[in-house]
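Reader: I'm new to reading structures like this one. Could you take me through some features, with the general idea first and the case here second?

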Amino acid sequence: MASWNSIQLEITYRILGWIGFACWSVGGYPQVILNFRRKSVVGLSFDFVLLSLTKQSSYLIYNASLYFSSAVQKQYWEKYGSEQMIPVAVNDVAFSAHAVLMTAFVLFQIAIYERGTQKVSKIAIGIVVAVWSGAAVCVFVALPTHSWLWLINIFNSIQVCMTVVKYTPQAFLNFVRKSTDGFSLGSYLLDFSGGVTNYAQMTVLAIDQDSWVNFYGNMGKVLLSLISIFFDLVFMCQRFLLYPSKKAPIPPPPQIISKDKESLEPLLQSSSDHPLTHTV
């Protein structure tokens, strides 16, 4: 098993890992809070949330298996070399577990809050059914030969594909509505920060080990960050350039209007209520 060559780089790696974990984990809360305040989920794509749950679940299976399973780790070292470090840290496991819970809670909010005319599309339901059916088939294929590394890489590939697919409905909904209202700004800003931090963490590991195996040995994590960053930039473009929020003008307080009327009343009364009289 490989070890760190630099204590400073190891500390930097762990700090970056937890910063990324914080960004990605906290990134789910702005949407939850926004839904709660509005008591509405209009503007949030239901397909995006459903596909996200499938993505996060498959990512949790991959991370937990590679981090905790000695059988999977053994097969990883047999393929990439025993001198390589496992490319999954405890923060990856913590993040994916937290993400599953947060996404499930947003689905609960969708069930109880105002939805307007929005609903989950048949296409999204079909994708989810097809993905989990395919995953079940792969489990039965892997059982006879104990190909556990191959199996978890399937789940890693699923989460990468679902990352591409899941963002598309939200971007399309923003385009159709010509608005990003209902989709939290804080969520994708934190998601963007998490993706950048993730790349920095993997780069630190590559520098310490003088090897880039952790990039192509964990291609799912690399593509996850790349795709997330790309769509976050799309959402930023939609929010700030294409469909900026337009705030309605704030009317003056009622008391100001009433005072203005009162100040005018004496002037009006002086010309009508006291007519001029002429004496002869």
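Predicted model: local features only at pLDDT ≥ 70, side-chain atom pairs only at ≥ 80, totals over all residues.

Reader: How should I read "pocket" and "H7"?

Author: On a 1 Å grid over the protein atoms alone, a pocket is an open set of points with protein on both sides within 12 Å along at least five of seven lines, a cavity is a set where a 1.4 Å probe fits but cannot get out, and lining residues have an atom within 4 Å of a point. The letter H marks a helix, a DSSP run of H or I with at least four residues, while a strand is a run of E with at least two, both numbered from the N terminus. Here the second largest pocket holds about 170 Å³ of space, a volume being the space filled by probe spheres set on grid points joined across faces, edges and corners. Its lining includes Phe46, Asp47, Lys119 and Phe172, and H3 and H7 each supply at least two residues.

Reader: How many residues of each class are in that pocket's lining?

Author: There are 6 nonpolar, 3 polar and 2 charged residues. The classes are nonpolar (Ala, Val, Leu, Ile, Met, Phe, Trp, Tyr, Cys and Pro), charged (Asp, Glu, Lys and Arg) and polar (the others, Gly among them).

Reader: What elements make up the chain?

Author: The chain has 11 helices and 0 strands. Of its 280 residues, 44% count as buried; that word means under 20% relative accessible area, with exposed over 50% and partly exposed in between (1.4 Å probe, protein chains only). A contact means heavy atoms within 4.5 Å. Among contacts in the chain with a separation of 6 or more, 84% join residues 24 or more positions apart.

Reader: Could we look at one helix closely?

Author: Take H6 (residues 122–145). A helix's expected span is 1.5 Å times one less than its number of residues. H6 has 24 residues and reaches 36 Å from its first C-alpha to its last, close to the expected 34 Å. Its buried residues include Val128, Val131 and Cys138, and H3 (46–68) and H7 (148–177) are among the elements that cover the buried residues of H6.

Reader: Is Trp132 buried, partly exposed or exposed?

Author: Trp132, a residue of H6, counts as partly exposed because its relative accessibility is 31%. Beyond its neighbours within four places in sequence, Trp132 is in contact with Thr54, Ser57, Ser58, Ile61 and Phe155.

Reader: Which backbone oxygen does the side chain of Ser187 reach?

Author: The side chain of Ser187 reaches that of Gly27, at 3.0 Å. Ser187 is in H8 and counts as buried because its relative accessibility is 11%. Leaving out residues up to four places away in sequence, Ser187 touches Gly27, Pro30 and Gln31.

Reader: And how do I read a phi angle?

Author: Most residues other than glycine have a negative phi. Lys39, not a glycine, has a positive phi of about 55°; Lys39 sits in the loop between H2 (29–38) and H3. Lys178, also not a glycine, has a positive phi of about 55° and lies in the loop between H7 and H8. Just after H6, His146 takes a positive phi of about 55° as well.

Methods:
Residues numbered from 1 in each chain as written. Heavy atoms only, no water. Polar contact = N/O pair within 3.5 Å; in protein donor to acceptor, adjacent residues only side chain to side chain.
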